[in-house]
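Please open the model in your viewer and follow along. We will go stop by stop, selecting a few residues at a time.

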Amino acid sequence: MNKVMSNIWMITLYILPALLLLLVLIYIPLGLSAYYGFLEWDGIGNMKFIGLDNFITGIQDMKFWSSVYHSFLLALFSALSLLAYLAISLILASNIKGSDILRKIYLIPMLLSSVAIAQLWIKVYNPTNGMLNSFLMAIGIDDPPAWLAEPSLVLYAIFIPILWQYAGFYILIYYAALKNIPAALVEAARMDGASPWQVAFNIKLPLIKGVFKVTIVLAIVGSLKYFDLIYVMTGGGPNGASEVMASYMYKVAFRSYDFGYGSAIGFLLLIITLMVTFIVRKLTVSDEEELQY
Amino acid sequence: MKKLKALSLLLALTLAAAGCGSSNQAEKDPAGSGGTKTIKFMHLWPEGTNAPQNKILNEIIADFERENPGIKIEQEILANEQYKDKIKVLSASNQLPDVGMAWPGGWLQPYVEGNKIASFDDVIDRDYRNKFVDGTIEAFEVDGKTYGLPTDLNIAIVYYNKRIFEQNGLNVPTTYDEFLHVISTLTNNGITPIALGNQERWTGSLWYMYLADRISGNETIVNAVNRKQSFEDPTLIRAAEEIQRLVDLGAFQKGYNGATSSEAESLFTSGQAAMYLTGTWVLPSFTQGENFTQEFKDSVDYFKFPTVEGGKGDINSFVGGNGGLFVSEHSTVKEEAKRFVKYFTEKFGERALGEAGIIPSYKLNADDYDLPELYLKVLKDLNDASSITLFADNIMTPGPAQVHLDMIQSLFGKEATPEEFVKAHEEALAKEAGE
């Protein structure tokens, strides 16, 4: 076995299929889109090389920066919501009655497609006939806001379905991690007289720290490139109040027919996401782990 | 073990499902085999939501295939936005379908400039041209060549609920002042005057285009787009001010800037709003659709957009636009495809109204048809039309059109002043023209 693995040809052979797929599907398009970023191109006709102009436009484009701001807000919310997911998982994993069925209930939104979720919540948020406002009016609030039409509220309104959509996914991960903690450890702590709180904070949480760090990266990167639900629910509106980086990129490339600038935005999105990932990793890596790298 | 079995069963099912998917693809890929030529036709009239169109389309295709042995038409059906995106991606790699749906003006221009679609000048003659409503073929002209042949024709009209008008003692407004009176009466009586789905922005654009037309005449915006004058015209500012006046009066339902057009439509069709401005494409469903109550069908009517005192536009001018078909320049069956498009547009023109209730760009005699009253009224108004101003996103190229649509939402949301609104247009148009 060792002999096979030290043969350079064998290594190449084993790596090749995955590498080819990655190259063709990810890295080559990535390089191309970076290249398109240097062009003035409507996506249909002639290409013209214009150097860094698109990137300079991007840096000066207030609409782009406001979409970056919205993306970062979403990332922040998502990271914070992980705490809620974690709390729920801790409860579920402590063998309460019906934890099995509850876990499945939390998982259901994950099975729905984003478009279905978006349609569902458009109905919920309907300002006159929607479930939410009907409820608010029933309890005596005369003039509940039109959630998706208020520039100051729309981003928060969109975040609720996102929170709901991803609950199942993260709860599943935390639940699995918590279930992996050897029962002996927890029992030993209990024997020593640890309260449930102490068990949770001093035994369980430190043991799933690694998983938690991974989910932070997942949540932040995921929200930075978030697109589908927002696109269906508001199309980035009203007046760009819910525009995120990915939806702005789409709009520029496919609606304004400015493929060059759209590609440049896509590339900026990549760089921003990479930088944030790097920073988050740096911040969450502890000393002992650093030794392993 | 049991779980493992269940899991493998699930996996097998998934694979089977995936298999089904791919076998379908294989079936419809016999291009060119056995001496038959295949024309790929991409359109957006699915059986589900556009049943009558879909039926006519299939019958015309069947007729064409019968009359032209050896030619097969292969369809791909998409939704509107999807279609536009896919066409764009395909064109970048020169893989446009042989025949597809086209829109005039700003949509068409990049494809023509990129030499992606073919001109029809070699297949159409004066006879053919005379069969269509003036301006509908011309809408597809770029630099004197025709790049699309027209199918349907749509104008925007203000639909209103007769019952609500009667209950509030209102008459159909013919002037803008009367229109404002209608709005204030309705709001005073606690009724939403107008349903508007401005999340999609083109819906609000219709209101602006009409006001601009009535105040400024039908040339101003076109001239501004063609850079013969500035968009920062006092009359265009006035039109924007009127939009915000309507907003201030509470003319639109709550949350109009976040509502989709289908939400707005259901507000109107369920009698919760009194008026709704949209295209004649809703006529089939408003008169015969199974989704609406008879009560609604009996109470729906429309009026022409009112004139504004002192404005230059007249009441018989409409905002509208027509669709059509294009043929790919790089098609391997270009001649056959052009023949098909010519055949299709004529047959569609002859049959669309009678069989599907779609108003074609084809000249018709309304008396020949046994149609709901609403239709006859529209056809008559179309015959009397003094001019048709194209939809904004048909006049402008995609870049400025997006600025227009974005600014529409800001204008309606009062996040931009009328001055800022026209200034943004002027800047976008000037940039596009390379000034």
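Select A:K63 and B:D406. These two form a salt bridge, meaning a side-chain nitrogen of Lys or Arg within 4 Å of a carboxyl oxygen of Asp or Glu. Their closest N and O atoms are 3.4 Å apart. Four salt bridges are found across the interface of chain B and chain A. On the side of chain B that touches chain A, α3 (80-92), α4 (108-113), α11 and α17 (398-412) each supply at least two residues. Helices (H or I, at least four residues) and strands (E, at least two) are DSSP runs, numbered from the N terminus.

A word on the model: it is predicted, local features need pLDDT of at least 70, side-chain atom pairs count only at pLDDT 80 or more, and totals for chains, interfaces and linings use all residues. Residues are numbered from 1 along each chain as its sequence is written, chains are lettered from A and ligands numbered from 1 in the order in which they are written, and side-chain values use heavy atoms, leaving out hydrogens and water.

Now show both chains. Here 27 residues of chain B are in contact (heavy atoms within 4.5 Å) with 34 residues of chain A. The size of an interface is often given as the accessible area lost when the parts come together. Chain B and chain A bury about 2,500 Å² between them, 50% of it on carbon and sulfur atoms. That area is what two parts lose on being put together (1.4 Å probe), summed over both.

Next, select B:N257. Find this residue in the loop between α10 (234-248) and α11 (261-269) of chain B. Is B:N257 buried or exposed? B:N257 is buried, with a relative accessible area of 5%. Buried means under 20% relative accessible area, exposed over 50%, partly exposed in between (1.4 Å probe, protein chains only). The contacts of B:N257, leaving aside neighbours within four places in sequence, include A:A149 and A:P238 as well as B:Q409 and B:F412. Its side chain reaches the backbone oxygen of B:Q409 at 3.1 Å.

Move to helix α15 of chain B, residues 373-383. Colour its buried residues: B:L374, B:Y375, B:V378, B:L379, B:D381 and B:L382. Why are they on the same side of α15(B)? Because they cover an arc of only 160° around the axis, judged by the directions from the helix axis to the C-beta atoms. The face away from the buried side carries the exposed residues B:E373, B:K380 and B:N383. The buried residues pack against several elements of chain B, among them β6 (149-161) and α14 (334-356).

Two loop residues come next. Select B:D143, between β4 (141-142) and β5 (145-146) of chain B. B:D143 is not a glycine, yet has a positive phi of about 50°. This residue is exposed, with a relative accessible area of 78%. Then pick A:N239, between α12 (228-233) and α13 (245-255) of chain A. Phi of A:N239 is near 55°. A:N239 is partly exposed, at 32%.

Finish with chain A, which has 15 helices and two strands. Among the residues an unreviewed UniProt entry lists as "transmembrane region" are 12-38 and 259-280; such annotations may be inferred rather than shown by experiment, feature names are shortened, and positions follow the numbering used here. Residues 12-38 are 93% helix, with end C-alpha atoms 34 Å apart. Residues 259-280 are 100% helix, with end C-alpha atoms 31 Å apart.

Notes: A polar contact is a pair of N or O atoms within 3.5 Å; within protein, one must be able to donate a hydrogen and the other to accept it, and residues adjacent in sequence count only if both atoms are side-chain atoms.
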